[in-house]
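Visitor: I'd like a walk through this model, one feature at a time. Could you show me how to read each kind?

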Amino acid sequence: MIRPACFCFNTETASSNVFQKDQYADPSATNKIPQQALKEFDHMVEQLRSYGVDVDVIDDTPSPIKPDAIFPNNWFSTHSDGTIVLYPMLAENRRIERRQDIIKHLCQTHHVTAIVDLSVYEQRNQFLEGTGSLVLDRINKILYAIRSPRTHDTVVQRFTELMNYQQPPIMFDSVDDNQKPIYHTNVIMAIGTRVAIICLESIVDQEQRNTIVKSLEQNGKRKIINITLEQLKNFAGNMLEVKNKQGDYLLAMSKAAYDSLTNEQKNLIEATNTKLICFDVSTIEQCGGGSVRCMIAENFLAESI
């Protein structure tokens, strides 16, 4: 997790991210936002650690200013075979989030076998924003991706080939209740070991919807929790399964997401032996347009001996 130095409303990303609230672009709000975001970030880290989750916190650098540094999952991902993947991002001021010192640190402390750099696709105006664009079923090597200005078929296909994921990748289209394209796949779905969260209502094409449901049902026998568009707006799709030191499965989400779930949905998730944990990150959500899942870049690399 990256502790932000200059968190603020990012005007470069707002056109494709309807979750960013315009009132946070007001200059009168800018003084309060960074401090409140830091408070929410620090409390989330403290809570995660209290649940027995290993959390590595790296400080953002104050210069150059990076409004969205708090969302590291968009620029890199790690994989259990020792691979680190770097990704091409749409907003120019997000590309400076890629930090060689972080990659070097991971190489020194973990077993890294390869670094795959897809950021060269930025030169072709083709993008793939990490595990924001991709929702990965790592167990079955299946990827799900929404087409959007931030997620291009060509780069998805290249990732699939390089990382030996199932061909063809499952790509589809998704819109919000105003028929605007959803900018990232991890806004509408999350895949855990025993449970999958998805907003089927946002997938207009019935054939695409059926393909996704069939894939989720056949691979892993997960319990599928279907959320509404209203729940999606509260970031109920932006969850991440983490595992603590005791081996427990925890489904991390924001307080807004948790509060939007029905008791039946909560009970169905908990019936899979998955514990729900939530964090108040309301400033980060409304100003940055991303939630708990976006704040965590999970580490699948083996530690160096």
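**Reading the model, feature by feature**

Guide: Let's start with a proline: P64 has its place in the loop between β2 (58–59) and β3 (76–78). Helices (H or I, at least four residues) and strands (E, at least two) are DSSP runs, numbered from the N terminus. The peptide bond from S63 to P64 is cis, with omega near -5°. Then there's P168, in the loop between α5 and β8, where the bond from Q167 to P168 is cis too, with omega near -10°.

Visitor: What should I know about the model itself?

Guide: It's a predicted model, where local features need pLDDT of at least 70 and side-chain atom pairs count only at pLDDT 80 or more, while totals for chains, interfaces and linings use all residues. Residues are numbered from 1 along each chain as its sequence is written, and side-chain values use heavy atoms, with hydrogens and water left out.

Visitor: How do I read a helix, and which residues of α6 are buried?

Guide: The general idea first: an α-helix has 3.6 residues a turn, so residues three or four places apart point the same way. As for burial, buried means under 20% relative accessible area, exposed over 50%, and partly exposed in between (1.4 Å probe, protein chains only). In α6 the buried residues are Q208, I212, V213, S215 and L216. Down the axis of α6, these buried residues fall within an arc of 160°, so they line one face of the helix. That arc is the one spanned by the directions from the helix axis to the C-beta atoms. On the face of α6 turned away from the buried side you'll find the exposed residues E207, K214 and Q218.

Visitor: What do the buried residues of α6 pack against?

Guide: Contact means heavy atoms within 4.5 Å. The buried residues of α6 pack against β7 (142–146), β8 (170–172), β9 (189–191), β10 (195–198) and β11 (223–226).

Visitor: And how far does α6 reach from its first C-alpha to its last?

Guide: The expected span of a helix is 1.5 Å times one less than its number of residues. Helix α6 (residues 206–218) has 13 residues and reaches 18 Å, close to the 18 Å expected. Look at its ends as well: D205 caps the N-terminal end, with a side-chain oxygen 2.9 Å from the backbone nitrogen of E207. Just after α6, G220 takes a positive phi of about 105°.

Visitor: Which residues of α5 are buried?

Guide: In helix α5 (residues 153–162) they are V155, V156, F159 and T160. Seen down the axis of α5, they fall within an arc of 145°, so they line one face. What covers them includes β4 (83–86), β6 (134–137), β7 and β8. Just after α5, N164 takes a positive phi of about 55°.

Visitor: F159 sits in that list. How many aromatic pairs does the structure hold?

Guide: Rings of Phe, Tyr and Trp (its six-membered ring) pair if their centres lie within 6.5 Å; planes under 30 degrees apart count as stacked, over 60 as edge-to-face and the rest as tilted. The structure holds 3 aromatic pairs. The rings of W75 and F76 have their centres 4.6 Å apart and their planes at 50°, so that pair is tilted. For F159 and Y165 the centres are 5.6 Å apart and the planes at 50°, so this pair is tilted. Y87, F159 and Y165 form one aromatic cluster. F159 counts as buried at 1% relative accessibility, and Y165 is buried at 5%.

Visitor: What about a charge over a ring?

Guide: That needs NZ of Lys or CZ of Arg within 6 Å of the ring centre and within 35 degrees of the ring normal. Here the charged end of K266 sits over the ring of Y258, 3.8 Å from its centre.

Visitor: Is E97 buried or exposed?

Guide: E97 is buried, with a relative accessible area of 3%. You'll find E97 in the loop between α2 (92–95) and α3 (100–109). Not counting residues up to four places away in sequence, E97 touches K66, D68, A69, F71, W75 and M89.

Visitor: Which residue other than glycine has a positive phi near 65°?

Guide: Q179 does, with phi near 65°; Q179 is in the loop between β8 and β9 and is exposed, at 56% relative accessible area. F235 also has a positive phi, of about 65°, but F235 counts as buried at 5%.

Notes:
A polar contact is a pair of N or O atoms within 3.5 Å; within protein, one must be able to donate a hydrogen and the other to accept it, and residues adjacent in sequence count only if both atoms are side-chain atoms.
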